[in-house]
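Good morning, and thank you for coming.

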Amino acid sequence: MPATPLVLATRGSVLDGLGHVMRARALAEELARSGETPRLLVMGDGSSEALLRHSGLPFEYCADDHALATRVEEIGAGSVGFDMLRFDPAAFSRVAKGRLTFSLSPVFDQLARVDHLFHRTIHEDPAWAGRTPFPRIHKGLDYAIVGERCRRIPTPVYRAHLKGDPLSLAISMGGADAANRTLDILRALSTARCSLLVWVVLGEAYTHSYEELVASVRGTKHEVILIKSNESMWRVLQNSCLLICSSGLTPYEAAFAGLPTIVLPERPEAVFLVRELEEKGACHMLPPGSGPERIVSVVEAWEADRSQILARHMVGKRLIRAQGTRHVARAILRFRR
């Protein structure tokens with residue numbers, strides 16, 4: 001094993017969401033099981049602390065990008081992995097000097113400067129075409145990182161839930177949901193003609209009004225359960241037959257669990273991240289720019305013909321395997337030798 005420490009740098013906040021921190025934690029836990037525990041350096045507003053404080057992993061907060069670069073130098077890291085959207089170019093130059101670098105995020109603004117990219121789908125961002133230099137890309141569903149807290153739903157259990165009335169579905173728009181798309185989706189679902197049992201999963205960084213969420217469906221025939229959850233999110237979602245989410249990590253975790261998704265992309269350029277899951281039948285992605293009202297017709301059609309939901313449950317469980325995190329960890333350890 002290499003003597004120099006391995007660092008994973010990530011960022012979590014109300015603005016950035018918490019998905020990057022969750023993925024970095026999942027990889028750090030797998031690396032620790034392989035015998036090398038990385039140091040987690042975290043930036044953001046502190047909203048990610050609940051995801052890390054019980055992990056048993058060594059982590060610390062850095063005030064900004066240059067403070068993180070200083071800690072990398074002080075630690076004497078030989079390799080640094082990034083899972084975030086943005087990083088100061090000058091600070092990146094300090095981190096990368098004489099070190100192996102990699103990214104777990106395909107939308108990292110310093111992507112062209114890292115040595116390796118681990119990418120969870122065969123599809124690439126069209127903006128990457130012809131760019132040089134560019135990292136070595138390790139891509140495909142075999143590299144989808146799924147945390148150990150994400151558990152598969154046994155098919156007999158899923159079938160039993162699917163036969164129940166009303167249809168049980170969940171909404172999870174990330175740990176922060178800064179744009180409060182959860183409220184927009186609930187308002188749209190209030191117009192659905194079928195009865196629904198809606199589990200609304202709200203993350204640690206959700207700062208909007210819970211009362212407003214309740215008021216949005218008052219007077220409808222739907223049942224709504226509001227849940228604040230991070231660690232136990234997938235235990236909660238095992239009660240659902242369908243998940244409405246964004247285009248980040250959640251559709252992949254949901255496919256692994258066997259929970260079909262309706263994906264509402266945050267922005268048009270994020271479509272490539274979920275396209276493979278849609279092509280293979282694990283999810284339904286709304287067209288870029290669609291409003292949440294487009295969700296209603298899909299939910300009504302699937303509620304009337306639940307075989308469509310069951311088919312996606314079966315596809316998802318076949319597509320995403322449990323070994324993705326291990327593949328990434330082993331590749332990182334191999335490159336460091």
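F82 counts as buried because its relative accessibility is 0%; buried means under 20% relative accessible area, with a 1.4 Å probe and protein chains only. This is a predicted model, in which local features need pLDDT of at least 70 and side-chain atom pairs count only at pLDDT 80 or more, while totals for chains, interfaces and linings use all residues. Residues are numbered from 1 along each chain as its sequence is written, and side-chain values use heavy atoms, leaving out hydrogens and water.

F82 belongs to strand β4, residues 79-83; strands are DSSP runs of E with at least two residues, and helices are runs of H or I with at least four, numbered from the N terminus. Which residues does F82 touch, not counting residues up to four places away in sequence? They are A9, F87, F92, V95, T101, F102, S103, L104, S105 and F108, where contact means heavy atoms within 4.5 Å.

Six strands, in the order β10-β9-β8-β11-β12-β13, make up an open sheet with parallel pairing; two strands pair if DSSP finds at least two bridges between them. At the edges are β10 (223-228) and β13 (283-285), each pairing on one side only. Strand β9, residues 196-202, pairs with β10 in the parallel sense over six bridges, and W199 stands opposite I225 in β10.

How values were computed. Buried < 20%, exposed > 50% of the residue type's maximum accessible area, 1.4 Å probe, protein only.
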